[in-house]
Amino acid sequence: MIFICNKTKLQDAISIAQKAITGKSTMPILEGIYIEANNNTLTLIGSDKDVSIETKISADVLEQGKIVVDAKIFGEIIRKLPNSEVKIETLQNNIIQITCEKSNFNLIHMNSDEFPGLPQINENMIFTVSQSLLKNMIKGTSFAIAQDETRPILQGILFEVTEGNLNLVALDGYRLALRSETIDTNNTISAVIPGKTLNEVAKILEESDENVNITFTTNHILFNLGNTKVISRLLEGEFIKYNSLLPQEYKVLVEVNKQGFQNGIERASLMAKEGNSNLIKLDIQEDNIIITSNSQLGKVREEVSINLQGDPMQIAFNSKYLLDVLKNMEEEYVILELTSSVSPCVIRNKEINNSKYLVLPVRLVK
């Protein structure tokens with residue numbers, strides 16, 4: 001195998017393929033990147049069995065071939081080379097030679113035949129969504145994925161297509177995040193995708209109107225971004241029926257400026273670092289919310305103007321859970337729907353109904 005390629009292009013492709021390599025596999029071959037040179041195209045694949053990422057770039061292929069090289073050291077070498085053309089060729093005894101200007105590396109490579117093949121997916125296109133929209137939806141839900149390994153299904157995000165809507169849902173027992181967008185499809189799909197996969201997909205997606213084509217099989221999902229494909233296994237099991245968790249009615253409605261509310265909580269949470277509860281109290285009054293936090297460090301009082309419908313009430317939250325939600329909301333004003341100091345709070349945008357967040361309160365010891 002001999003090929004010449006632009007260093008920056010190669011570095012970017014390695015960076016994309018590396019996102020699938022966790023280094024936790026029992027198979028040493030999966031610590032490598034599979035590289036195939038053919039028809040003036042380089043194909044690079046990284047995989048950890050659960051998720052595989054394939055990306056293609058153009059190169060001047062003088063002799064076709066395929067190899068697997070250790071992803072970490074190969075990535076480091078390419079990154080530190082001058083910004084110039086890189087020539088890579090295989091020598092005897094499982095060695096590749098990497099040449100760039102006056103730099104010359106010899107690196108051991110592995111046998112490409114041992115690298116597991118990608119799952120075969122028939123790309124009868126299921127549906128299409130813009131990259132920026134999907135990136136935003138993943139960002140707006142992935143923070144609520146469960147970290148607890150005892151319930152593996154909650155370490156994923158529900159990917160639901162129903163009645164022309166794409167819904168992404170994550171929940172961890174303390175909060176729920178739902179993002180919904182209208183898409184052009186008549187299909188109905190319900191699948192749970194590992195959260196770590198979607199976080200890596202979000203890093204590859206661009207802030208553009210370019211489309212990503214999404215295909216499902218019984219066990220896998222494929223994201224096709226043109227030169228890059230991400231294939232992930234789906235999580236097995238039934239996701240919690242999230243609709244039954246969202247309250248259908250409320251007694252108190254609070255309209256508040258998102259940034260002002262977020263800033264007040266961020267300042268109050270500085271005093272709430274004691275233990276893991278990050279406890280802040282909200283005293284909802286006629287015209288404002290008083291945010292307080294007391295700890296051994298000291299105490300803080302913040303005041304934020306609101307519009308209130310319903311009776312004043314007091315409720316307490318883990319400040320981190322509220323901040324995670326507010327940081328992912330884009331409108332100037334948000335709505336809080338409440339029923340009692342021990343019932344879940346629903347947070348939504350004032351104008352566009354494309355997201356709902358549910359946060360459980362912290363019970364205060366009387």
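**Figure 1. The largest nonpolar core of the predicted model.** The largest nonpolar core holds 68 residues, and those with the most contacts inside it are Phe159, Ile214, Phe223, Val254, Leu338 and Ile347. A nonpolar core is here a set of buried Ala, Val, Leu, Ile, Met, Phe, Trp, Tyr and Cys residues joined through side-chain atoms within 4.5 Å. Buried denotes under 20% relative accessible area, exposed over 50%, and partly exposed the range in between (1.4 Å probe, protein chains only). Helix H6 (residues 319-326) supplies the largest share of this core, five residues. Apart from this core lies another, of 29 residues, including Ile33, Ala71, Ile78 and Ile96. In soluble globular proteins, nonpolar side chains tend to be buried together.

This is a predicted model, in which local features need pLDDT of at least 70 and side-chain atom pairs count only at pLDDT 80 or more, whereas totals for chains, interfaces and linings use all residues. Residues are numbered from 1 along each chain as its sequence is written, and side-chain values use heavy atoms, with hydrogens and water left out.

**Figure 2. Surroundings of Leu338.** Residues up to four places away in sequence are not counted; Leu338 then touches Tyr250, Lys251, Val252, Val254, Ile284, Met313, Ile315, Phe317 and Cys345. Contact means heavy atoms within 4.5 Å. Val254 is, like Leu338, among the residues with the most contacts inside the largest core. Cys345 counts as buried because its relative accessibility is 0%.

Figure 3. Helices (H or I, at least four residues) and strands (E, at least two) are DSSP runs, numbered from the N terminus. Seven of the eight residues of H6 are buried, so this helix is largely enclosed by the rest of the structure. The buried residues are Ser319, Tyr321, Leu322, Leu323, Asp324, Val325 and Leu326. At the start of H6, a side-chain oxygen of Asn318 comes within 2.9 Å of the backbone nitrogen of Lys320.

**Figure 4. His109 and Phe115 in the loop between E9 and E10.** His109 is placed in the loop between strand E9 (103-108) and strand E10 (127-130), and Phe115 is also in the loop between E9 and E10. His109 counts as buried because its relative accessibility is 12%; Phe115 counts as buried at 8%. With neighbours within four places in sequence left aside, His109 is in contact with Ile67, Val68, Val69, Thr90, Asn94, Ile95 and Ile96. From C-alpha to C-alpha, Phe115 and Ala202 are 26 Å apart in space, and they are 87 residues apart in sequence.

**Figure 5. Ser232 in strand E17.** Ser232 lies in strand E17 (residues 228-233) and is buried, with a relative accessible area of 0%. Its side chain is joined to that of Thr197 by a polar contact of 3.2 Å. A polar contact is a pair of N or O atoms within 3.5 Å; within protein, one must be able to donate a hydrogen and the other to accept it, and residues adjacent in sequence count only if both atoms are side-chain atoms. Not counting residues up to four places away in sequence, Ser232 touches Asp50, Val51, Ile193, Pro194, Thr197, Asn219, His220 and Ile221.

**Figure 6. The cysteine Cys5.** Cys5 is buried, with a relative accessible area of 1%. The closest cysteine sulfur to that of Cys5 belongs to Cys100 and is 11 Å away, too far for a bond. A disulfide is a pair of cysteine sulfur atoms within 2.5 Å, and by this rule the count comes to zero.

**Figure 7. Domains and annotated spans.** An automatic or database domain assignment divides the protein into domain 1 (2-114), domain 2 (127-244) and domain 3 (252-359). The centres of domain 1 and domain 3, taken over C-alpha atoms, are separated by 49 Å. In an unreviewed UniProt entry, residues 1-119 carry the annotation "domain: DNA polymerase III beta sliding clamp N-terminal". The chain over residues 1-119 is 18% helix and 47% strand, with its end C-alpha atoms 25 Å apart. UniProt positions are given in the numbering used here, feature names are shortened, and annotations may be inferred rather than shown by experiment.
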